[in-house]
Every structure is written in C-alpha cells, then in structure tokens.
Amino acid sequence: MTDDAYMPPADPLIGTRVGEYEILEPIGEGGMGVVYRAIHPVIKKRVAVKVLKPAVAGDEVQVRRLITEAEAVNAIGHRGIIDIFSLGTLADGRPYIVMEFLDGEALDLWLQRLPDKRLPLDEALQLLLEMCAPLAAAHHANVIHRDLKPSNVFICTQADGTRFVK
C-alpha cells in the first residue's frame with residue numbers, strides 16, 4: 001500500500017539569499033505575496049521579507065502597490081508602523097521588500113486566545129488609542145491605510161514582557 005497523501009512542493013526560496021538575508025521559512029501569506037522569516041547570516045538580525053507571488057509579479061499595478069507601500073511607510077516614520085529597510089528584485093523578476101521582524105501575533109489571533117474572546121473595556125480603549133496614533137501620523141503624511149483589519153494589526157511583545165501595537 002502506498003501513501004498518496006499530497007505533499008506540497010518545497011518552496012524554492014527556503015535557504016536562499018534575498019539581498020543580504022537568508023530565507024528561513026514562510027510565516028504568512030496574502031493575496032499579493034508571501035512573507036518569510038529571514039536572518040542576516042553574520043550579524044543575526046531577523047527580518048521579514050515580503051515577496052510578490054509569481055501570479056501578480058508581472059502586474060504593474062501590484063508591483064507599484066508594493067513600492068507605494070514602502071514609500072508610504074518611510075514617509076510616515078512612526079514607531080507604530082512597521083519599518084521597511086529595503087526593496088529589491090529576485091533573479092526571477094519578482095519584487096520584494098525587507099522589513100522589521102515583529103515578535104508577537106496578529107490581533108485577530110491574539111483575541112481568539114482571550115477568555116470569552118473579549119477584552120475588558122479599559123484594555124480595549126488602550127488598544128484603540130495605540131492604533132489611533134500611527135493612523136493619525138499616516139493621515140498627517142497624506143497616507144490612507146486601505147486595509148485596516150485585525151489581521152493587519154500586530155500585538156508585539158518586548159523582551160521584558162510588555163506589549164505594544166504595530
């Protein structure tokens with residue numbers, strides 16, 4: 001008897017270099033791209049690398065969106081918004097961005113782990129206030145976040161156990 005279980009093909013980016021960073025594993029996927037955990041092999045700096053999927057990499061509108069995302073983040077420059085370090089193109093022509101790696105989890109997953117999946121009012125208000133500051137900075141820079149949802153808000157955990165919103 002043979003095992004006919006489907007095995008997805010191995011990701012060809014795992015173990016390769018993208019810019020100065022070695023790709024370790026995929027950590028997320030959206031409609032446009034895949035996000036990988038990566039590391040600088042010498043100084044051990046951890047980063048996230050977002051690579052456009054092959055299906056959209058040839059679409060000039062999607063490529064422009066990725067570039068616009070990097071430009072917008074750098075125009076805003078707020079600690080509550082992820083930092084993007086560089087932009088490049090893979091050998092196969094797919095564009096990528098290198099951004100800060102966040103320790104923690106997306107708000108939607110974080111909320112699912114709470115008792116009754118609810119936050120006490122005072123904590124919910126604090127969370128909302130933390131989310132408003134980077135949004136205000138974005139609006140001040142004439143940037144409108146068009147995809148604000150719990151899966152795009154990250155609850156980060158610092159080494160001392162305290163948390164903050166990105």
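User: Let's start with Arg94 and Asp92: what do their side chains form?
Analyst: This is a predicted model, so keep that in mind. A salt bridge calls for a Lys or Arg side-chain nitrogen within 4 Å of a carboxyl oxygen of Asp or Glu. Here, Arg94 and Asp92 make one, at 2.9 Å from N to O.

User: And are the two partners buried or exposed?
Analyst: Buried means under 20% relative accessible area, and exposed means over 50%. Arg94 has 12%, so Arg94 is buried, while Asp92 has 52%, so Asp92 is exposed.

User: How many salt bridges does the structure hold?
Analyst: Ten. Among them is Arg46 with Asp103, at 2.7 Å between N and O. That pair joins distant parts of the chain, 57 residues apart: Arg46 sits in strand E4, Asp103 in the loop between E6 and E7. Another one is Glu69 with Lys50, where the closest N and O atoms are 3.1 Å apart. Glu69 belongs to helix H2 and Lys50 to strand E4, so this bridge ties together parts 19 residues apart in sequence.

User: How many bridges link E5 and E6?
Analyst: Five, in the antiparallel sense. For instance, Thr89 has Pro95 in E6 as its bridge partner.

Methods. Residues are numbered from 1 along each chain as its sequence is written. This is a predicted model: local features need pLDDT of at least 70, side-chain atom pairs count only at pLDDT 80 or more; totals for chains, interfaces and linings use all residues. Side-chain values use heavy atoms; hydrogens and water are left out. Two strands pair if DSSP finds at least two bridges between them. Helices (H or I, at least four residues) and strands (E, at least two) are DSSP runs, numbered from the N terminus. Buried means under 20% relative accessible area, exposed over 50%, partly exposed in between (1.4 Å probe, protein chains only).
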